[in-house]
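Reader: I'd like to learn how to read a model like this one, feature by feature. Could you walk me through it?

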There are 2 protein chains.
Amino acid sequence: MKHLAHLQLDIPKSENPRIVIIGGGFAGIQLAKGLKNKNFQVVMFDRNNYHTFQPLLYQVATAGLEPDSIAGALRPLFEKQTDFYFRMARVTGIDVDKRLIKTLVGEIDYDFLVLANGSKTNYFGNQTMMERTFPMKQIPQALDLRSHMLQNFEQSVMVKDDYEKDALTNFVVVGGGPTGVEVSGALGELKKHVLPKDYPELDFEIMKLHLVDAGPRLLSAMSEKSSEKAQKYLNNFDVDVKLNTLVKDYDGKKVILSDGTEIPARTVVWAAGVTGNLIEGIPEESIKGGRVAVDEFNKVVGTTNVYAIGDVSLMMTEDNPKGDPMVAQVAMQQGRLLAKNFVNQAKGREQVPFRYNDKGSMATIGRNKAVVDLPKFHFGGLFAWFVWMFIHLISIIGFRNRLVVFSNWVWNYLTYDRGTRLIIRTFVKDKKPKTS
Amino acid sequence: MKHLAHLQLDIPKSENPRIVIIGGGFAGIQLAKGLKNKNFQVVMFDRNNYHTFQPLLYQVATAGLEPDSIAGALRPLFEKQTDFYFRMARVTGIDVDKRLIKTLVGEIDYDFLVLANGSKTNYFGNQTMMERTFPMKQIPQALDLRSHMLQNFEQSVMVKDDYEKDALTNFVVVGGGPTGVEVSGALGELKKHVLPKDYPELDFEIMKLHLVDAGPRLLSAMSEKSSEKAQKYLNNFDVDVKLNTLVKDYDGKKVILSDGTEIPARTVVWAAGVTGNLIEGIPEESIKGGRVAVDEFNKVVGTTNVYAIGDVSLMMTEDNPKGDPMVAQVAMQQGRLLAKNFVNQAKGREQVPFRYNDKGSMATIGRNKAVVDLPKFHFGGLFAWFVWMFIHLISIIGFRNRLVVFSNWVWNYLTYDRGTRLIIRTFVKDKKPKTS
């Protein structure tokens, strides 16, 4: 945002108590929608004017979808909501004693504050990795990765040096969770079906794909059966899966693994973990493991009128001492329940404690293959892939996006092609933004 | 492109004479396609890996379409073409005596050279306008304009100062050719149908649209009837058209016109003209009015084996002393004919001189309105608008793009909405790229 000095937060006071929501993700949107015309003033802040459907971000990175297919502008979601205000502004801190939040465009007080600002890439303090690898949390990051990848292929037909050619065409993905597995599968598909048509001069045998995970199996949050299947599917796409392995060092050209293996690679995707987006001013005693500790009503431990929902929050109970997974379903359910509890509270009714209704989890691996864990049983293969597509389509916000995503998928499927191989953001490594 | 020192042009010599084409636009693509399997080696250079369908660029700028809808990757167009090489590299100069071209990744010799590198925005030497206004020739420029516009609206709900609020919501478009008219119409539609839903806090009466042209009528290349209609349609969209008027000065906040009018505006779109993309090494005597003078076979005057087609070329004949207009149709027809003439030349047959087959011209003005000039008659209104849509749809390269553009248009038409209002490239004025 430019000319910040000209700007000010100018939200009129209304009769309704003011709920300030920081973050327009899965959690914040559900909360704000649930508060529609319920006698609250809702003020939402986000640094972007859009919501990102993160489960499909990897398809933007691998040239399968355009950003507008997996993101939606926030304002249209609240078009007919009275006493609702959206402000595109970065929140820089909160003051729980004075009950106000600080942004780059000024301060604003609140009656209730809800932290719904999600998570960011976790580099576990490794500065080298932060500077040299590609995170996968935001749309600009996915576009950077796409541009980098396509530019490297354009360069690979112009290099003589074999080591450099290897480095330009190899990919190392760090982290065997859903993001790492899905990116690897998509890269496998690009290698098998898409890129060889574009670069007949290149021998695609040299393009090597590696997926590295520190743990003993892929998709550790899913069933062992699904982990095994995912690994098998990835192997069919020529992805070399290295388990119980860490990245020891990376100089931008060569990855050194804990088992001593050296891999020339100009592209390393960092999908090894996420951590909460913590804002300055959250009391020290409320922070647990990089997230904000909440009770079972999503109220931040040790504060008054401050709540946290979604990825940024950590709800540890006796039944569930590790808390729920950092996934969209938890965020949405917490957002919806908190809206109801605000109403309950206002009407003097009892509040309902949060229990995660786990509807299952899944991951897709390239063309035709996916793994699905439902509470009662697990399955994989082509049918799982159709289930994965169906669930993701119906989950995407807005009829238009669904239509665009569906058309793109049908097109890609039938033609073995990807529509969006344009290098529009010329990506320069030295200028890589430090956001995560 | 990074690591340039590592790169080299490594095009194997074949038995076929080598034709180097600089530029993968309308002209270059038609030429290269026409040379498919005709016993020539074709080497195409472009600084991008994609072709831009420029007639619809204004829809990207005004949030109607995503870039991938109006651009297509170049490589897939030539997938099955033997002895064809594409190199994404910037050409820095040519040496017509040594018969070689210079690029950032090395030099390469040619048997025939074809300049097909189009045109760029013409600021007529005005440095102030170049630095402070938005050109509309390339996809990144259109995305910059879109981001700038949407960011300004996000800011406008946070400013108190009335002058600043005016400046953030006003638009001045300079140049009444097709681009200026179409941008103005699209902005009018945004004002009327789209933005008020997003910003209920704003009074859209304050959003003023101005179209300024130095000449006595809009669309000066079209019929007078069409000029009049275009102006009437624009007036219906609340666009204030100022003819015989020049921009005298602009400090980034306030436009001063030659009639003394002062308009607060943070956004000025510069669509006042284009000029040829001239490469170093073109002989001085071959340059006429910022373009490359060619004979009626598109051969560059005063050179051997060097040709120029499309916008960069200027073919002045006795019948047509001003040359043909700088439009896609001319470029495509010249590209197709030059391919045939290369074959004629190789077979010792006579070459065919170029004559532009003018199929007509058109411009659209927002929803439901367009003007069309056919060689025999002129018409406007709703039917013209359908004709405009039909012609643009069938002209877009690739079935997939046609489908995507068509779906977007149907969606936008039925819902009075625009799907792509995301601010992804955070745009900072000071960092505005100096490309044009």
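Reader: Let's start with strand pairing: in E12(B), which residue is the bridge partner of Val173(B)?

Author: Strands of a sheet pair through backbone hydrogen bonds, either parallel or antiparallel. Two strands count as paired if DSSP finds at least two bridges between them. Here Val173(B) has Leu211(B) as its bridge partner in E12(B). The two strands, E11(B) and E12(B) (residues 209-212), pair in the parallel sense over four bridges. The names come from DSSP runs, numbered from the N terminus: helices (H or I) have at least four residues and strands (E) at least two. One caution: this is a predicted model, where local features need pLDDT of at least 70, side-chain atom pairs count only at pLDDT 80 or more, and totals for chains, interfaces and linings use all residues. Residues are numbered from 1 along each chain as its sequence is written, while chains are lettered from A and ligands numbered from 1 in the order in which they are written.

Reader: Are the faces of strand E11 of chain B covered or uncovered?

Author: Burial here is a neighbour count: a residue is buried if 20 or more other C-beta atoms lie within 10 Å of its own, exposed if 12 or fewer, and partly exposed in between, with C-beta atoms placed from the backbone. Both faces of E11(B) (residues 171-174) are covered. Phe171(B) and Val173(B) lie on one side, Val172(B) and Val174(B) on the other, and all are buried.

Reader: What is the strand order in the five-stranded sheet of chain B?

Author: Read across the open sheet and you get E5-E2-E1-E9-E21 in chain B, with parallel pairing. E5 and E21 (306-308) of chain B are the edge strands, each pairing on one side only. Neighbouring strands are turned by 20° against each other on average, direction ignored; axes are lines fitted to C-alpha atoms, for helices over the stretch in contact, and angles run from 0 to 180 degrees between N-to-C directions. Inside that sheet, E1 (residues 18-22) and E9 (residues 112-115) of chain B run parallel and are joined by four bridges. Ile22(B) has Leu115(B) as its bridge partner in E9(B).

Reader: And which order does the three-stranded sheet of chain A have?

Author: That open sheet reads E23-E24-E25 in chain A, with antiparallel pairing. E23 (361-364) and E25 (378-381) of chain A are at the edges with a single partner strand each, so one side of each has no neighbour in the sheet. E23(A) and E24 (residues 370-373) of chain A pair in the antiparallel sense over four bridges, with Ala363(A) opposite Val371(A) in E24(A). Helix H10 (residues 382-395) of chain A packs on this sheet and touches E23, E24 and E25 of chain A. The direction of H10 makes about 75° with that of E24(A).

Reader: How many residues of chain B are in contact with chain A?

Author: A contact means that two C-beta atoms, placed from the backbone, lie within 7 Å. By that rule, 46 residues of chain B are in contact with 46 residues of chain A. H5(B) gives the most to that side of chain B, with six residues. The side divides into 21 nonpolar, nine polar and 16 charged residues; Ala, Val, Leu, Ile, Met, Phe, Trp, Tyr, Cys and Pro count as nonpolar, Asp, Glu, Lys and Arg as charged, and the others, Gly among them, as polar.

Reader: What rotation superposes chain B on chain A?

Author: Copies are superposed by least squares on the C-alpha atoms of residues with pLDDT of at least 70 in both. Here it's a rotation of 180° with 0.0 Å of shift along its axis (RMSD 0.0 Å). That is the relation of a two-fold axis. The same surface serves both copies, as 100% of the contact residues of chain B recur in chain A.
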